[in-house]
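Hi,

Here is the structure I promised to pass on to you. Have a look at it first, then read my notes below.

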Amino acid sequence: MEIQAIILQQLQVTVEQFSVLPFPAAVEDEMLLNDFHLDSVAFTNLLVGLEQQLGFIPLGILRGIAFPETIGELIAAYENEVHVAL
């Protein structure tokens, strides 16, 4: 499964668990993560779930240097980290 699909799947699980809003049928890279109404606990849960599936959290996010604002930025952070490791 590719990184984007894993992230979207984990985002859906997190939204269904922590948000009162339903997960949208269509998800665009430009969508703001804030639009999913996830608090810091839910976002941390998202990152933990991604770490369990992908084996890492991007260093920029982990260190608080980079904070993705959109779904596309979150996906790019993970994809860029994989390319750096290769």
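Let's begin on the outside of helix 2: S40, V41 and Q52 are exposed, and they sit on the face turned away from the helix's buried side. Before you go further, keep in mind that this is a predicted model.

Which residues of helix 2 are buried? They are A42, F43, L46, L47, G49 and L50. These residues lie on the same side of helix 2, because they cover an arc of only 160° around the axis.

Now the two ends. D39 caps the N-terminal end, with a side-chain oxygen 3.2 Å from the backbone nitrogen of V41. After helix 2 comes G55, which has a positive phi, near 90°.

On to the inside. The largest nonpolar core has 21 residues, and I7, L11, F36, L74 and Y78 touch the most other members. Helix 1, helix 2 (40-54) and helix 4 (71-85) each give two or more residues to this core. Setting aside neighbours within four places in sequence, L74 is in contact with I7, L33, L46, I61 and P68.

Is Q10 buried or exposed? With a relative accessible area of 9%, under the 20% cut-off, Q10 counts as buried. Not counting residues up to four places away in sequence, Q10 touches N45, L46, G49, L50 and Q53.

Cheers

Methods
Residues are numbered from 1 along each chain as its sequence is written. This is a predicted model: local features need pLDDT of at least 70, side-chain atom pairs count only at pLDDT 80 or more; totals for chains, interfaces and linings use all residues. Side-chain values use heavy atoms; hydrogens and water are left out. Buried means under 20% relative accessible area, exposed over 50%, partly exposed in between (1.4 Å probe, protein chains only). Contact means heavy atoms within 4.5 Å. A nonpolar core is a set of buried Ala, Val, Leu, Ile, Met, Phe, Trp, Tyr and Cys residues joined through side-chain atoms within 4.5 Å. Helices (H or I, at least four residues) and strands (E, at least two) are DSSP runs, numbered from the N terminus. The arc is that of the directions from the helix axis to the C-beta atoms. A polar contact is a pair of N or O atoms within 3.5 Å; within protein, one must be able to donate a hydrogen and the other to accept it, and residues adjacent in sequence count only if both atoms are side-chain atoms.
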